Amino acid sequence: MDNYITSATIKRLREEKGLTQEQLAQKIFVSNKTISKWENGHGLPDISLLEPLAKALDISVIELFSGNEVRNQNKSFNMKKILFYTCPVCGNVIQAIGGAVISCCGITLPPLEVEEDCDDELLAEHRIKLEKVEDEYYLTIDHPMTKEHYISFIAAVYDNGVDFVKLYPESAAEARFKIGRAKFFLAYCNHHGLFKSI
């Protein structure tokens, strides 16, 4: 976490819940003087108290850190909001539907963004070739697959989910996906980023 909970956050969240310092103190088994100290900036809760404090304020620990209640903004399922995160340390690939705070190997990961403003040569090097073979899509990319420079994954995004193939250096840059309701395909190059094909 980049931030630790602040005194102003504790006070505001407590007041929004309509709790007195005494009532909050009773819920987490500390004294009301302790709550007062936190709210006046003369101390902060021990890490062991964060979960009980968040529970008493009826929010998650993440919300407690951010100081804001998180409301689900995803009223409808939309695969166009699919996001991928890759760890530069271990190569882990994580997908999410909508925004999230994702970390791996101690690093907060930014979501990958599709490369759109790049030159024709770079686009050609990452062009996803699509061929129908019986009941599957066969995707290939003419791209080096060395230990230093390779396509890390190829994904098919359907209107109801994602099919994902992790690739490794010195293997072929290819994948097969069942023909279905595929809307678009994505490929991630460990040097140049995320590329999309419709």
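F177 and F185 are both buried, where buried means under 20% relative accessible area, exposed over 50%, and partly exposed in between (1.4 Å probe, protein chains only). This is a predicted model, in which local features need pLDDT of at least 70, side-chain atom pairs count only at pLDDT 80 or more, and totals for chains, interfaces and linings use all residues. Residues are numbered from 1 along each chain as its sequence is written, and side-chain values use heavy atoms, leaving out hydrogens and water.

Let us look at the rings next. The structure holds six aromatic pairs; rings of Phe, Tyr and Trp (its six-membered ring) pair if their centres lie within 6.5 Å, and planes under 30 degrees apart count as stacked, over 60 as edge-to-face and the rest as tilted. One of these pairs joins F153 and Y188, stacked at 5.8 Å centre to centre with 20 degrees between the planes. F153 belongs to strand β7 (residues 151–158) and Y188 to strand β10 (residues 182–189), so this pair ties together parts 35 residues apart in sequence. Strands (E, at least two residues) are DSSP runs, numbered from the N terminus. F153 and Y188 are both buried, while F177 and F185 form a tilted pair, 6.2 Å centre to centre and 35 degrees between the planes.

Now to the cysteines. There are zero disulfides here, a disulfide being a pair of cysteine sulfur atoms within 2.5 Å. For C104, the nearest cysteine sulfur is that of C90, 3.6 Å away.

Notes:
Helices (H or I, at least four residues) and strands (E, at least two) are DSSP runs, numbered from the N terminus.
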